[in-house]
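Reader: I would like to learn how to read features in a model. Can we take them one at a time?

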Number of protein chains: 2
Amino acid sequence: MTRRPSPEALAEGVRTGRRAAIGQAISLVESRRPSHRALADALLEALPPPEEPAFRLGISGPPGVGKSTFIEAFGWARLEEGHRVAVLAVDPSSVRTGGSILADKTRMARLSMDERAFVRPSPSGGSLGGVSRRTREAMQVVEAAGFDVVIIETVGVGQSETAVAQMVDSFLLLMLAGAGDDVQGIKRGILEWADLLAITKSDGDNQTRAGNAANDLRSALSIFLPENAPWTPPVRTCSAMNGDGLGQLWEDLGQHRDTMTKLGLFEDRRRQQRVQWFREELEAQMREDLRRRTDLESVEQQVEAGVLAPGVAARRVLELDVGTTS
Amino acid sequence: MTRRPSPEALAEGVRTGRRAAIGQAISLVESRRPSHRALADALLEALPPPEEPAFRLGISGPPGVGKSTFIEAFGWARLEEGHRVAVLAVDPSSVRTGGSILADKTRMARLSMDERAFVRPSPSGGSLGGVSRRTREAMQVVEAAGFDVVIIETVGVGQSETAVAQMVDSFLLLMLAGAGDDVQGIKRGILEWADLLAITKSDGDNQTRAGNAANDLRSALSIFLPENAPWTPPVRTCSAMNGDGLGQLWEDLGQHRDTMTKLGLFEDRRRQQRVQWFREELEAQMREDLRRRTDLESVEQQVEAGVLAPGVAARRVLELDVGTTS
């Protein structure tokens with residue numbers, strides 16, 4: 001990485017909303033070089049939380065559902081209302097190349113080029129844990145820079161939806177009507193995380209199918225929803241092409257936030273997320289540390305093959321490791 | 001705890017199926033006294049895995065669904081077929097008292113008193129993580145003792161279903177028909193773990209309602225199921241009172257195991273479970289270790305309150321801790 005200003009100077013640049021500083025700050029927290037870690041920590045400590053909590057919105061959905069087009073249209077409407085919108089991505093499958101940065105910029109061309117928005121492509125490949133830790137810190141950076149609507153997008157690979165759902169206030173699941181009136185591409189275990197659902201591409205010939213799919217989904221959901229649930233996830237249809245339904249979704253999101261806030265669940269959720277984040281950090285760092293000192297992979301392979309009992313293996317690894325300390 | 005035989009002698013007693021030895025062995029792995037841990041490890045290492053993998057069945061459902069009655073009737077039918085049945089419970093809310101042991105024995109009176117079965121009440125209270133670690137080790141003990149059908153029951157408190165689903169080959173969710181034809185008491189995020197579903201108490205006047213609830217559930221599930229899923233969870237009705245449907249469920253379970261085995265998914269799942277178990281053990285032990293040396297609770301409270309950033313807090317805790325080693 002190139003020469004960069006001190007963490008304090010960088011933090012000042014972020015606070016005053018300088019785009020170059022924001023970009024550099026995110027690169028710093030995303031950096032995997034151990035020497036950058038202390039600088040990143042100093043930066044994060046120098047960044048104040050926003051006075052009003054930002055709107056943290058997670059968006060997911062299967063490939064082809066039109067996430068970028070949706071975010072472009074939805075985000076643009078927020079800019080028009082005076083919000084400032086940041087878009088971050090969680091994609092553990094991506095390897096950052098010149099090409100993919102370009103692709104990210106291209107697919108949200110209007111947002112990317114607007115001063116009131118900030119679009120950041122996915123951090124370079126790595127484990128989901130690594131990527132989501134860096135995304136959470138990038139979120140701190142953009143919030144400190146005054147972006148009050150932060151959209152975290154996930155491509156839906158592996159467990160990335162769950163990871164994203166656990167770092168936002170509201171999680172929106174986008175879906176497509178299938179060839180019948182069914183809903184396509186729902187991954188097992190994702191629905192439970194959705195605070196809002198929308199069938200996309202509800203325009204032209206597709207409108208009826210989208211409406212039917214939404215109805216089916218709504219009645220199916222009603223069976224699964226716990227009684228006395230504080231919030232019933234609305235199921236909507238929308239079109240990023242003609243803008244239909246986008247306003248309704250933004251209203252729903254506001255309603256979700258209000259309801260959760262009134263019941264004390266908004267702050268509850270954030271509190272839980274902070275604790276969880278802390279625990280994940282702790283675990284990730286302990287594992288990294290352990291990996292440097294023991295042959296964790298080989299032990300894990302033996303456990304996987306059934307040669308070594310899991311509990312015994314864990315104690316053995318830690319005895320080897322901890323032996324010198326305790 | 002009272003004087004007990006050496007781990008080797010205990011292992012020998014377990015292998016030859018002596019009930020007293022099995023009980024003592026489970027008490028040893030459940031013990032929270034640090035000095036017992038090495039003995040428990042030696043015991044576990046001396047226990048051979050069964051030649052044929054046992055049938056690990058998780059059973060959950062809301063209070064009132066009739067889990068004990070179901071397990072009593074279902075387990076009894078297996079004994080009649082020549083199987084040997086062990087029943088273990090995961091219940092992080094329980095505090096073991098004379099009363100609750102008695103309750104456990106009473107509620108499955110026939111199974112408890114039969115030589116071919118082994119019913120073990122929940123380990124004494126503690127964190128879910130602790131309870132599930134001990135349950136997994138108890139599972140090793142009963143399998144080494146020749147029980148080829150191992151039922152892990154959960155009361156459905158907190159995340160205990162997920163924990164149980166992650167230690168079994170097949171997960172059966174029991175449900176009740178509601179006042180309408182709806183299904184009652186499904187907790188969010190549980191359905192995704194179910195390999196089989198059954199509406200209980202389908203007898204007498206309740207039979208029609210149970211059948212309707214099953215139909216509704218089946219059609220709702222079909223919307224959520226991924227295309228090309230290797231296994232479609234069947235939705236059945238049953239009655240532990242008159243035995244209706246219990247045979248079908250056992251057939252379904254056999255079918256599930258066959259299908260998973262043929263696709264290589266049975267062994268895949270067990271492999272993943274071993275790795276996950278190892279990682280949980282590792283994390284739990286590292287946390288315990290950390291807790292002894294740092295004030296983890298106080299740091300966690302500061303993180304929860306938002307006073308300390310999660311990432312920074314994690315690194316600070318580990319620096320304090322690791323400082324002397326590295």
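Reader: Where does B:Lys201 lie in chain B?

Author: This is a predicted model. B:Lys201 sits in the loop that runs between strand S7 (196-199) and helix H9 (207-224) of chain B.

Reader: What is the phi of B:Lys201?

Author: Start with the general idea. Most residues other than glycine have a negative phi. Now the case here. B:Lys201 has a positive phi of about 55 degrees, although it is not a glycine.

Reader: How is B:Lys201 classed by accessibility?

Author: B:Lys201 has a relative accessible area of 37%, so it is partly exposed.

Reader: And what is the phi of A:Lys201?

Author: A:Lys201 has a positive phi of about 55 degrees, and it is not a glycine. A:Lys201 belongs to the loop between strand S7 (196-199) and helix H9 (207-224) of chain A. With a relative accessible area of 39%, A:Lys201 is partly exposed.

Reader: How many helices and strands are there in chain A?

Author: Chain A has 13 helices and eight strands. Of its 326 residues, 54% count as buried. Take the contacts in chain A with a separation of 6 or more: residues 24 or more positions apart account for 73% of them.

Reader: Now helix packing. How are two packed helices described?

Author: By the angle between their axes and the distance between the axes.

Reader: At what angle do H1(A) and H3(A) cross?

Author: Helix H1 (residues 7-15) of chain A and helix H3 (residues 34-46) of chain A cross at roughly 45 degrees, and their axes come within 8 Å. H1(A) is therefore oblique to H3(A). The crossing of H1(A) past H3(A) is right-handed.

Reader: Which residues make the contact of H1(A) with H3(A)?

Author: H1(A) supplies A:Pro7, A:Leu10, A:Ala11 and A:Arg15. H3(A) supplies A:Leu39, A:Ala42, A:Leu43 and A:Ala46. By class, the residues of this contact are seven nonpolar, no polar and one charged.

Reader: At what angle do H2(A) and H3(A) cross?

Author: Helix H2 (residues 19-30) of chain A and H3(A) cross at roughly 130 degrees, with axes that come within 8 Å. That angle makes H2(A) oblique to H3(A). The crossing of H2(A) and H3(A) is left-handed.

Reader: Which residues of H2(A) and H3(A) meet?

Author: From H2(A), they are A:Ala25, A:Leu28 and A:Val29. They meet A:His36, A:Arg37, A:Leu39, A:Ala40, A:Leu43 and A:Leu44 in H3(A). The residues of this contact divide into seven nonpolar, one polar and one charged.

Reader: Which residues of H3(A) are buried?

Author: They are A:His36, A:Ala40, A:Asp41, A:Leu43 and A:Leu44. Look down the axis of H3(A): these buried residues fall within an arc of 165 degrees, so they line one face of the helix.

Reader: What is A:Ala86 in contact with, leaving aside its neighbours within four places in sequence?

Author: A:Ala86 is in contact with A:Phe118, A:Val142, A:Phe147, A:Val149, A:Val150 and A:Ile151, those neighbours aside.

Reader: What separates the C-alpha atoms of A:Ala86 and A:Gln273?

Author: The C-alpha atoms of A:Ala86 and A:Gln273 are separated by 20 Å, and the two residues are 187 residues apart along the chain.

Technical notes: Residues are numbered from 1 along each chain as its sequence is written. Chains are lettered from A and ligands numbered from 1 in the order in which they are written. This is a predicted model: local features need pLDDT of at least 70, side-chain atom pairs count only at pLDDT 80 or more; totals for chains, interfaces and linings use all residues. Side-chain values use heavy atoms; hydrogens and water are left out. Axes are lines fitted to C-alpha atoms, for helices over the stretch in contact, and angles run from 0 to 180 degrees between N-to-C directions. Helices (H or I, at least four residues) and strands (E, at least two) are DSSP runs, numbered from the N terminus. Angles under 35 degrees count as roughly parallel, over 145 as roughly antiparallel, 65 to 115 as roughly perpendicular and the rest as oblique. A crossing is left-handed if the near helix is turned anticlockwise from the far one by less than a right angle, and right-handed if clockwise. Contact means heavy atoms within 4.5 Å. Ala, Val, Leu, Ile, Met, Phe, Trp, Tyr, Cys and Pro count as nonpolar, Asp, Glu, Lys and Arg as charged, and the others, Gly among them, as polar. Buried means under 20% relative accessible area, exposed over 50%, partly exposed in between (1.4 Å probe, protein chains only). The arc is that of the directions from the helix axis to the C-beta atoms.
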